[in-house]
Amino acid sequence: MDAPFKGMVNDVKGRLKCYKTDWLDTCGTGARILAPTAYIFFASTLPVIAFGEQLSRETDGSLSPAETLISTALCGVIHAVFGGQPLLILGVAEPTIIMYTYLYEFAKSTVGTKLYLAWAGWVCVWTALMLFLLAIFNACTIITRFTRVAGELFGMLISVLFIQEAIKGVVSEFQTPKGESASEEKYEFAWLYTNGLLSVIFAFGVLLTSLKSRTARSWRYGTGFFRSFIADYGVPLMIVVWTALSYSVPGKVPSGVPRRLFGSLPWEAGSLYHWTVVKDMGKISAGYVFAAIIPAVMIAGLYFFDHSVAAQLAQQKEFNLKNPPAYHWDIFLLGVMTLICGLLGLPPSNGVLPQSPMHTRSLAVLKRQMIRKKMVKRAKEGMKQQVSHSEIYGRMHAVFVEMEKAPPQTVEKELANLKEAVLKHDEEGDMSKDKFDPEKCIDLHLPVRVNEQRVSNFLQSVLVGLAVCAMPVIKMIPTSVLWGYFAYMAIDSLPGNQFWERMMLLLVPPRRRFKVIEEFHASFVESVPFKYIFIFTMFQLVYLMICFGITWIPIAGILFPLPFFLLIYIREHLLPKVFPSHCLQELDAAEYEEIVGHPMRARSLTQRDGESADGDEEEDDVSSAEILDEMTTHRGEVKQRRSMSFNEQEVSVPPGESSGI
């Protein structure tokens with residue numbers, strides 16, 4: 001705070017050094033950069049369309065999917081070119097929709113709906129000014145004080161709001177559309193009932209098939225390419241499939257069923273007003289101009305939190321990024337983009353989750369593929385020439401240095417495990433049981449590397465802009481499909497959220513907790529006494545209910561980000577008085593630490609938590625019927641289980657005897 005502009009200056013200096021390579025490094029990847037580009041394009045576009053439909057409903061058509069797409073494309077291009085962290089993906093997010101809904105409700109009773117966007121423009125002006133001040137005075141240094149407890153609460157609140165929107169959307173399908181007269185003949189009971197039932201089918205269809213497609217990589221069936229394709233692009237594919245199915249309804253179904261997206265196109269008269277909103281900003285009285293400061297404070301705080309957390313997750317230390325972060329500069333640039341969007345009558349965009357870490361992960365896969373391909377090629381050349389394993393490692397080392405251009409000390413440290421795995425074959429010689437497999441060895445020990453560049457973010461933003469021209473096609477999507485997509489986004493975000501996992505753990509009876517221990521589980525399950533897990537989880541649950549309750553307060557609901565900033569004080573000063581330091585560290589850890597499952601630890605956990613270890617309390621809750629189900633097939637046959645695999649059995653066959661295979 002005592003050195004204005006210091007953070008921004010350091011960010012700009014750090015990023016200017018790698019700005020040229022951010023563009024040129026893509027040349028080596030060629031057309032392969034299109035895979036992560038397409039992947040993140042679909043991951044960005046679908047939520048933006050869904051949020052646009054939600055915003056259209058909440059603002060009586062003042063804003064629509066066209067405006068959310070334009071904002072996402074415009075801000076995405078600006079950030080890809082001028083942003084400090086090009087891996088960060090921008091888009092119109094649920095918090096922006098909530099805020100703009102509150103602004104509309106306030107405008108209806110004050111300045112009027114015709115000046116809604118003009119007044120929202122003033123809110124954006126004040127928001128931009130506050131973001132400028134936060135960046136200038138290095139406020140991003142406090143982002144580390146937002147710990148896991150805040151991030152998980154915020155993520156859970158967004159999930160609850162998604163579910164709420166999905167339920168409200170499906171219920172609305174049984175009602176007359178907004179702006180339409182209920183007395184019209186086509187909106188009689190038969191129309192509403194048919195439309196409602198179809199909406200339930202389509203919403204649940206999208207939800208269930210999308211969730212199933214996300215697990216495609218672990219399917220037993222299909223080739224690796226097919227499973228990866230379904231896992232990466234299955235969700236947009238399901239949107240297309242269910243949209244196509246909506247056109248196969250019987251001809252006797254009433255006209256207009258199912259209900260589809262509605263909104264004016266950007267070049268139509270209804271949307272042209274957005275580009276001249278700045279002219280109407282002068283019509284807002286001085287009192288309401290200064291009143292806009294109140295929501296601006298909330299939006300600035302929300303954007304600061306959301307944008308910074310998205311940037312943090314996009315550059316986690318596990319990704320081993322080489323280029324420096326630029327939190328201060330990115331907040332300043334966010335202020336510029338918020339100002340531009342406000343003057344154009346568009347809802348602003350900010351860093352979004354989970355698209356930002358998804359983008360980094362997709363580029364890590366691309367970079368790893370490139371390094372792996374060259375390493376395997378050089379290793380196999382050495383094996384053909386029958387050189388030593390130390391020489392093979394030397395060739396692999398040279399590939400890594402050539403492609404990474406990293407200091408020798410850094411390379412030695414990162415390739416230490418790979419070196420050990422390769423050289424052990426020289427030490428073991430012919431006595432080695434395992435034949436040296438370069439592909440397997442590299443897959444196990446090659447460190448994560450990310451193709452840090454700006455092209456994929458730039459291209460996906462341009463594609464989002466081109467999607468605006470496809471609005472006539474987008475308007476073919478049934479609204480019920482989007483309600484299913486809202487539910488999918490909510491449920492898909494729950495795995496990995498320890499708050500959710502702890503709530504599920506509370507539902508497990510003490511004598512059934514061994515089931516949790518036998519599977520992969522978070523480290524706190526074993527390291528923290530259950531009573532502290534219970535208290536911490538109940539604190540988060542009550543806090544979540546308070547935050548959710550605030551969103552239901554008319555007008556004042558705009559204050560819902562306030563509790564998240566209050567959480568900094570609670571975490572630093574109040575929670576340490578309730579929880580032992582090691583327990584609080586485990587429950588609010590910066591990283592997600594998982595432990596491999598191991599059998600039957602229920603008794604030790606029970607004793608650790610101070611429960612009785614005598615009598616029936618010690619026994620696991622496993623019925624004879626459950627054991628019988630595990631021992632028999634669905635046809636009732638008893639399963640014959642072996643204690644060793646066929647390969648192990650082959651090894652154990654005495655010399656000279658046939659294995660029978």
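This is a predicted model: local features need pLDDT of at least 70, side-chain atom pairs count only at pLDDT 80 or more; totals for chains, interfaces and linings use all residues.
Trainee: Which cysteine has the sulfur nearest to that of Cys124, and how far away is it?

Mentor: Cys124 takes part in no disulfide. With a relative accessibility of 3%, Cys124 counts as buried. The nearest cysteine sulfur lies 7.2 Å away and belongs to Cys341.

Trainee: What pLDDT does the protein average?

Mentor: Of the residues, 87% score at least 70. Over residues 601–607 the pLDDT is below 50, and this stretch has 13 contacts in the model beyond near neighbours in sequence. Residues 656–661 also have a pLDDT below 50, with five contacts counted in that way. For the protein, the average pLDDT is 83.

Trainee: How are helices H3 and H19 oriented to each other, roughly parallel or roughly antiparallel?

Mentor: Helix H3 covers residues 65–82 and helix H19 covers residues 455–467. Their axes come within 8 Å and cross at roughly 160°. Angles over 145 degrees count as roughly antiparallel. H3 and H19 are therefore roughly antiparallel.

Trainee: What is the handedness of the crossing in which H3 passes H19, left-handed or right-handed?

Mentor: On the H3 side, the residues that meet H19 include Leu69, Gly76 and Val81. Among their partners in H19 are Asn457, Phe458 and Ala467. The crossing of H3 past H19 is left-handed.

Trainee: How are H1 and H13 oriented to each other, roughly parallel or roughly perpendicular?

Mentor: The axes of helix H1, residues 6–24, and helix H13, residues 327–344, come within 7 Å and cross at roughly 100°. Gly7, Met8, Asp11 and Val12 of H1 make the contact with Tyr327, His328, Trp329 and Phe332 of H13. Angles from 65 to 115 degrees count as roughly perpendicular. H1 and H13 are therefore roughly perpendicular.

Trainee: How far apart in space are Leu584 and Phe536, C-alpha to C-alpha?

Mentor: Leu584 is found in helix H27, which spans residues 581–587, and counts as buried at 4% relative accessibility. Leaving aside residues up to four places away in sequence, Leu584 touches Phe536, Arg571, Leu575, Pro576 and Phe579. Leu584 and Phe536 are 48 residues apart in sequence, while their C-alpha separation in space is 8.7 Å.

Trainee: Where is Asp60 placed?

Mentor: Asp60 is a residue other than glycine with a positive phi, near 55°. Asp60 is partly exposed, having a relative accessible area of 46%. Helix H2 covers 34–58, and the place of Asp60 is the loop between H2 and H3.

Notes. Residues are numbered from 1 along each chain as its sequence is written. Side-chain values use heavy atoms; hydrogens and water are left out. pLDDT is the predictor's confidence in each residue, from 0 to 100. Contact means heavy atoms within 4.5 Å. A disulfide is a pair of cysteine sulfur atoms within 2.5 Å. Buried means under 20% relative accessible area, exposed over 50%, partly exposed in between (1.4 Å probe, protein chains only). Axes are lines fitted to C-alpha atoms, for helices over the stretch in contact, and angles run from 0 to 180 degrees between N-to-C directions. Helices (H or I, at least four residues) and strands (E, at least two) are DSSP runs, numbered from the N terminus. Angles under 35 degrees count as roughly parallel, over 145 as roughly antiparallel, 65 to 115 as roughly perpendicular and the rest as oblique. A crossing is left-handed if the near helix is turned anticlockwise from the far one by less than a right angle, and right-handed if clockwise.
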